[in-house]
Amino acid sequence: MNQTSKGAYIMSPSQVMSLITSTTIGVGVLTLPRTVTQSAHQAGWISVLVGGLLSMAVLWIIVKVGQKYPHATRIYSGSNPLLAKMIAMPSVITFVLFWILTTAGTARTFGEVVVTAVLVKTPLEVIVWSMLIAGFILVMYDIEVMVRVHETLLPILVIPLLVIAILAFQSAEFIRLMPLFSFDWKGLLLGVMASSFAYQGYEHVGLYLEHIDFGKKESRRAAVFGLIYPMMTYVLIVIAGIASFGYEELQRLMWPTLELVKTTEVPGLILERLESAFLGVWVAAVFTTVGSGFFSSCFALQKLLNMRSHRYIAIGMLPLLYYLAMWPDNVHQLFHYLKWIALLGLVLNLLIPVILLVLGMVHQERAVSQQGDGQP
């Protein structure tokens, strides 16, 4: 049963894993080999691995906050109402802004890929509107429906992407990865920052702590496994990209992962154009990412404004998302904006969970101290 005694919806462990995995995998997978090798060169795969481990550490802090405050959200944390509101206001506004920008940027990137690779004669505006409206339809339902959609689409994402990532090693020449552990630390750290955009999405669980029972070991384990799969897929794709093209050639490719898939053949020639299947899977991945960002923005504002429904917020947010998505004049300006959005997300995801955990520890120590002083 996914219902508590009070009737509140509680996600199952598989749903927690599905939410994290399907939200994290999005448009970043197409540009990741280029962005991380731009500064880290042949060690770009190490940057992706370190970025994944760092994201996992932040996710574990969010899980610990969920254990400490099982009925809280990122909006209201702790037992001190005044302190919670002081933290909530700037925190939620910044996160909502971040999720809005991320959702708009994801929709625009989706449109750029589709009009470049598939529907070359279709206006960009139509593609962007289509994805935003699909996300809008998902937001019109409650959180249980949203999570079940993620759970349903997870096998469609997990199995094909993993198979494609493995098949992409057909034309790999591992000499291009050499020297293996000779890299510039500054370039490696810049690569970690570049990979942060691809990992963004796991932070959404911090908004739904009241719907996740992190007191159970299964839920905590599911959260960690939810981020392991994207990390494993990203590392494989980046290694395959470097080994197939070399890091210099990757800088000349706008969508390197798509070009990598084009060079991949399925044994037995079951599919002559593997990129068509890849793009079909990728559309589902983008839909879950856009849907989660859209839903979290509306859900957070609903909590902050104490509204009865988030649907009215979604209606007003839809044109705003479209306006922001079409703001960049071209794809190069879009990449520039996404770089700054990724930096904002990295700072928020590192800073806010740590602050909440530290404040919780301080509050707990004070409570224990006061209880000790009151004893005879």
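Analyst: His41 is found in the loop between helix 2 and helix 3 (44–68), where helices are DSSP runs of H or I with at least four residues, strands are runs of E with at least two, and both are numbered from the N terminus. This is a predicted model, in which local features need pLDDT of at least 70 and side-chain atom pairs count only at pLDDT 80 or more, while totals for chains, interfaces and linings use all residues. Residues are numbered from 1 along each chain as its sequence is written, and side-chain values use heavy atoms, with hydrogens and water left out.

His41 has a positive phi of about 60 degrees although it is not a glycine. With a relative accessibility of 34%, His41 counts as partly exposed, since buried means under 20% relative accessible area, exposed over 50% and partly exposed in between, with a 1.4 Å probe and protein chains only. Asn306, in the loop between helix 11 and helix 12, also has a positive phi of about 60 degrees without being a glycine, but its relative accessibility of 69% means that Asn306 counts as exposed. A backbone feature of another kind is the cis peptide bond that joins Met178 and Pro179, with omega at about -5 degrees; Pro179 has its place in the loop between helix 6 (143–167) and helix 7.

Helix 2 (28–40) is among the elements that give two or more residues to the lining of the largest pocket, together with helix 7 (185–199) and helix 13 (331–374). On a 1 Å grid over the protein atoms alone, a pocket is an open set of points with protein on both sides within 12 Å along at least five of seven lines, a cavity is a set of points where a 1.4 Å probe fits but cannot get out, and lining residues have an atom within 4 Å of a point. About 640 Å³ of space lies in this pocket, the volume being the space filled by probe spheres set on grid points that are joined across faces, edges and corners. Of its 23 lining residues, Thr35, Gln38, Ala194, Phe335 and Lys339 lie nearest the centre, and helix 13 supplies the largest share of the lining, 8 residues. At Phe335 there is a further feature: the charged end of Arg34 sits over its ring, 4.7 Å from the ring centre, under a rule that asks for NZ of Lys or CZ of Arg within 6 Å of the centre and within 35 degrees of the ring normal.

The search of the whole structure finds 5 cavities of 30 Å³ or more, and the largest cavity holds about 150 Å³ of space. Its lining has 18 residues, with Thr23, Thr102, Thr106, Gln200 and Thr289 nearest its centre; helix 1 (13–24), helix 4 (81–117), helix 7 and helix 11 each give two or more, and helix 4 gives the most, with 4 residues.

Ser292 lies in helix 11 and, at 2% relative accessibility, counts as buried. Leaving aside neighbours within four places in sequence, Ser292 is in contact (heavy atoms within 4.5 Å) with Leu19, Thr23, Met146, His150 and His204. The largest nonpolar core has 110 residues, and Met11, Tyr208, Trp282 and Phe294 have the most contacts inside it. Helix 11 (residues 274–305) gives the most to this core, with 16 residues. Such a core is a set of buried Ala, Val, Leu, Ile, Met, Phe, Trp, Tyr and Cys residues joined through side-chain atoms within 4.5 Å. Beyond its neighbours within four places in sequence, Phe294 has contacts that include Thr103, Phe136, Val139 and Leu321.

Aromatic pairs come to 11, counted where ring centres of Phe, Tyr and Trp (its six-membered ring) lie within 6.5 Å, with planes under 30 degrees apart called stacked, over 60 edge-to-face and the rest tilted. Trp129 and Tyr322 form a stacked pair, 4.6 Å centre to centre and 15 degrees between the planes. This pair links distant parts of the chain, with Trp129 in helix 5 (residues 124–139) and Tyr322 in helix 12 (residues 311–325), 193 residues apart. Ring pairs also link Tyr208, Phe295 and Phe299 into a cluster.
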